[in-house]
Structures are given as C-alpha cells and as structure tokens.
Amino acid sequence: MTVIAGRYELAGELGQGGMGTVYRARDLTLARDVAIKLMSARFLAQSDALPRFEREARVGAKLQHPHVVATYDFGHVDAEAHPEGAGSPDGSLAYLVMQILDGGDLRAYIERHERLPFETIQLIGYQVADALCAAHALEITHRDLKPENLLVETADPLHVRIADFGMAFMEAGSPKDGRMTAQGHFAGTPIYMAPEQVLDQPVTPAVDVYALGVTLYELLTLRLPFHGDSVEA
C-alpha cells in the first residue's frame, strides 16, 4: 500500500482532473478519511505547474466556508514513491489533502433524481452564491463552476460544497491574470463559460455568477440555455 509523506495511506482512485489524480486516503495521524490530489507527471511539462498547484492549496486554505471543500494539507514527496510517476525538476512531486465527501457531485445527484423540486434548486443556488460571495470578497474567482464541481455532503437536508479551485486565481494587479493556460487553451468548461472567457477578455467574479446562472437554468429546465457546435456559440 502506498503511503504519501509517511502519513496518508492511499485506498483507491476517486477521479482524474487536469492537474492530477484524486485518491481516497486514510490520514494515519488523525485517523480519518481524506481526499488527496497528486500532481501528474504530464502536468509538470508546464513550467508554472508547481506554482499553480501551490496556489490551489493557498486558495483552499484562505477560503474557509461551509459550502467550500476544506483544504487540510499540502506538501512534496519523492517522485520515486509517487503513483503518478517521476518528472519533477527537483525530484519531487506535490500533493494536496482535502475534505472527502461521499455524496458524489451534483451532476450525478440530478441524474438520480431527474427534475428537482424548486425549493431544492433554490437551496443549491443560495448555498453556492453564499460561498461565491465569500470567495469574491477574498478576490478569488473560481472560473470553472459547474455541476461536476459541486459536491454533495448530505442529501437530507441537501448540503453542497464547491470543489476544485485549481483554476482559481487571486488578483495580483493584472486584470488578465489567470484567463488562459500557458499553452493558449481555454481554462474552463465551454458550456458554463461566460463570453469574456471565450473572447479572451479580462476575467472578473462575474464569470462565476454567469456559470451559476447556467447551472440553475439547467436544473430548472433540464436543458442548457445555448446550443451550438463551436465554443463561441
């Protein structure tokens, strides 16, 4: 069994994202289950990979809210003992430890329940909007809000938390910080992206409000507000 940093015993894969793989793990020190994200070797091909990953950890630590997935720990491990493989310039890879939620994401939840009661959709909107207010007050913009990044903590009563601040950024003087990846690819999911994200314009907290609006529209109508074959549609 793989143990990360002498403390987190991996117990199985939970999913994969742009930066790496998320595993269920056991925190041997505190005797609790956690989710641990391990940076993938392919992500390290980007020169700003480690700083971006560390930024996610800082964002998570800075933003403590009942409707945001909690961040517990961050660090580096030897690449040789890392399940994602070697590739780091200094021979180490990064890990991020977070709260684990077993209720699945909102996409799976709505697929199980089909049309949700208006009161439930209203509750989801309130919880996510409240978390976004807290994030925006700290100058943090999520930039990839969608049902897959809303995790269900409890179903009765429904309690959701925003996950994956990997593409978030904290304002640092430039209004264009964080719009796109270094390779020129869009950072976000096109269906939920505001026009300014697609058109390579400055990103503001308004993009999160737009994405929440698309999500609530989808929950209410069971369809998306816009359709087309291109990102620009």
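**A hairpin and a helix**

Modeller: We begin with a turn: in the hairpin of strand 3 and strand 4, four residues lie between the strands, and Ala31 among them takes a positive phi near 55°. The model is predicted, so local features need pLDDT of at least 70 and side-chain atom pairs 80 or more, while totals for chains, interfaces and linings use all residues. Residues are numbered from 1 along each chain as its sequence is written, and side-chain values use heavy atoms, without hydrogens and water.

Biologist: In which sense do strand 3 and strand 4 pair, and over how many bridges?

Modeller: Strands (E, at least two residues) and helices (H or I, at least four) are DSSP runs numbered from the N terminus, and two strands pair if DSSP finds at least two bridges between them. Strand 3 and strand 4 (residues 32-39) are antiparallel over eight bridges, with Arg26 opposite Asp33. Strand 2 (residues 8-16) also pairs with strand 3 in the antiparallel sense, over seven bridges.

Biologist: Why is strand 3 described as largely enclosed?

Modeller: Buried means under 20% relative accessible area, exposed over 50%, and partly exposed in between (1.4 Å probe, protein chains only). Six of the eight residues of strand 3 (residues 20-27) are buried, so the rest of the structure largely encloses this strand.

Biologist: Which residues of helix 5 are buried?

Modeller: They are Val207, Asp208, Ala211, Leu212, Val214, Thr215, Glu218 and Leu219. These residues cover an arc (taken from the directions from the helix axis to the C-beta atoms) of only 160°, which puts them on the same side of helix 5.
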